[in-house]
Amino acid sequence: MKLNLQNKLLPTSDTTTGSTANSNATLVLILDQETLVQSHDQLPSDVQQQLSTQIERAQFKAKLGETLPVYQLNNTDFSQVLLVGAGALEKMTAGQAQTLATSIYKALANRTAQAVISLDALADQTIEPFVLALSNAAYRFDTYKSKKSETILDSIVLHSTRANELQSRIDYLQAVAKGQSLAKDVGNQPANVCHPEYMAEQALQLAQQYPDLLNVSVLDEAAMQELGMNALLAVSKGSEREARLVILEYKGKPDDFQSDSGKPVVLVGKGITFDTGGISIKPAAGMDEMKFDMCGAASVLGTLQALCEARLPINVVGTLVCAENMPSGRATRPGDIVTTMSGQTVEILNTDAEGRLVLCDALTYIKRFNPDTVIDIATLTGACVVALGKVLAGLFSPDNELATELLEAGQQSHDRVWRMPVIDDYQELLDSPIADMGNIGGPYGGAITAACFLQRFTKEYRWAHLDIAGVAWLSGSNKGATGRPVPLLMQFLRTRSQASQSQNVQ
């Protein structure tokens, strides 16, 4: 859903086409639980008095997410006003702003076709999480339902007396929301639709949408075999579906791509389109959710679309490492040894520790782009879910400055991460008596040893690893991809591009 922004408090169905005011629109006012009614210069005083009367009669307390619809108001163009409680606005967190936005959308979805939401009550730092959450609340994935989701809300206008100042930020957030929706769409597809070739097709379609910004190339298994990507190919051996390595080059600073100031940020996404565990097969319960094991790659794809929409002046290379991990007569066995593209050998002790095998070859391959920074994103370990639950993603990096950048981007976007150790003390757990390393490190610190494994392939550039196993999707009745960490990655790139522009100005 596109969100329009205006500085006049009028019920307009579409500000971009100049259509006339629509008296069926609903006005949404956000209220603080302490003050309850705040005067609004663009509302007549008698309308404000009517609202005060209704609040008193209904004993409305303005608790976070509490709503009160008010009808039959005199001297207003709106068919109704929806009062929404925000709790203590002065203390509102980004998470509470997201809760508020979701509550508003749910209250409006089947109430009205058009709505005007006034942002003026919100503090500046809560506007962005509020607006992004409002867009996310409208997301639906009902492709395979015979009865589609039914909502009558089709237009939202955001009102702010600072509309001109906020416009560029709202445009950026809509770009993020579009990329996040793509990441969700791809992540939610079933594995009989979303396989490695499908992922490559999605990237090629994206390049067709943004031909001036995006170049896409695809490596098949023959090309990967020639490059010596034996770890990646070991994972796909058991599947009838061939692996694909997909490269998306976004040139936001095309004239600067080969210079030091234009070195790209490289994003590497794990794209295991279905993970049975291979010969080390997983338990049946919950295996349906292993279609989400490609959400790292989906988040990279979504981030590249968001970049194209926002047109950030920064160079980025997205890499989707796509394979299907299946058991068969051709599948890799526990105990097999492979030689990676880097020349290092790996004893595969557990075929369900496959994400690090596909990533290690990709992390070697992307050195050819002379990256400034490399970030890999992967639903890598259940151990990370045990450690951090479903709230925070795990952040691993030996680079303090880079780790700080990502932590701050997570706080700003409310797509948060928590730094975990990746230090030499854990490396010996990966030792193998017959190869350079094993692909697992024992029963303890599984998320850490997985990161330490990847670190062995990243010595030549700045690197961070995001383990998103806990945050990439929801389970149960709300099962579905979240599109995380698209907001985090976009905020990281946004900050980087702003810093670069500031340096150029100086």
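A salt bridge here is a side-chain nitrogen of Lys or Arg within 4 Å of a carboxyl oxygen of Asp or Glu. By that rule, the count comes to 22 salt bridges. The model is predicted, so local features need pLDDT of at least 70 and side-chain atom pairs count only at pLDDT 80 or more, while totals for chains, interfaces and linings use all residues. Residues are numbered from 1 along each chain as its sequence is written, and side-chain values use heavy atoms, with hydrogens and water left out.

**Salt bridges around Arg-169**

- Arg-169 and Asp-124 meet through their side chains in a salt bridge of 2.8 Å, N to O.
- Arg-169 lies in helix H4 (residues 163-188) and Asp-124 in helix H3 (residues 124-137), so this pair ties together parts that are 45 residues apart in sequence. Helices (H or I, at least four residues) and strands (E, at least two) are DSSP runs, numbered from the N terminus.
- Arg-169 is buried at 17% relative accessibility, whereas Asp-124 is partly exposed at 35%. Buried means under 20% relative accessible area, exposed means over 50%, and partly exposed is in between (1.4 Å probe, protein chains only).
- A salt bridge of 2.9 Å, N to O, also joins the side chains of Arg-169 and Glu-128.
- With Arg-169 in helix H4 and Glu-128 in helix H3, that pair ties together parts that are 41 residues apart in sequence.
- Glu-128 is buried, with a relative accessible area of 14%.

**Another pair, and a network**

- The side chains of Glu-242 and Arg-244 form a salt bridge of 3.3 Å, N to O.
- Glu-242 is partly exposed at 36% relative accessibility, while Arg-244 is buried at 16%.
- Salt bridges that share partners join Asp-124, Glu-128, Arg-162, Glu-165, Arg-169 and Arg-494 into one network.

**A negative surface patch**

- Asp-424, Asp-425, Glu-428 and Asp-431 form a negative surface patch.
- Patches are made of residues with over 30% relative accessible area and no salt bridge, with like charges joined within 9 Å and nonpolar side chains (Val, Leu, Ile, Met, Phe, Trp, Tyr) within 5 Å. Accessible areas come from the Shrake-Rupley method with a 1.4 Å probe, and for residues only the protein chains shown count as cover.
- Lys and Arg count as positive and Asp and Glu as negative, with His and the chain ends not counted; the place of a charge is NZ of Lys, CZ of Arg, CG of Asp or CD of Glu.
- Asp-424 sits in the loop between strand E15 (417-420) and strand E16 (437-438), and Asp-424 is exposed, with a relative accessible area of 59%.

**Backbone points to look at**

- The peptide bond from Arg-484 to Pro-485 is cis, with omega near 5°. Pro-485 belongs to the loop between strand E19 (480-481) and helix H13 (486-505).
- Arg-311 is not a glycine, but its phi is positive, near 55°. Arg-311 is in the loop between helix H8 (295-310) and strand E10 (315-325), and is partly exposed at 46% relative accessibility.
- His-414, also not a glycine, has a positive phi of about 55°. His-414 falls in the loop between helix H11 (400-413) and E15, and is buried, with a relative accessible area of 19%.

**Gly-446**

- Gly-446 is part of helix H12 (residues 446-455) and is partly exposed at 21% relative accessibility.
- Leaving aside neighbours within four places in sequence, Gly-446 is in contact with Thr-381 and Ala-383; contact means heavy atoms within 4.5 Å.
- Gly-446 and Met-490 are 44 residues apart in sequence and 28 Å apart in space, C-alpha to C-alpha.
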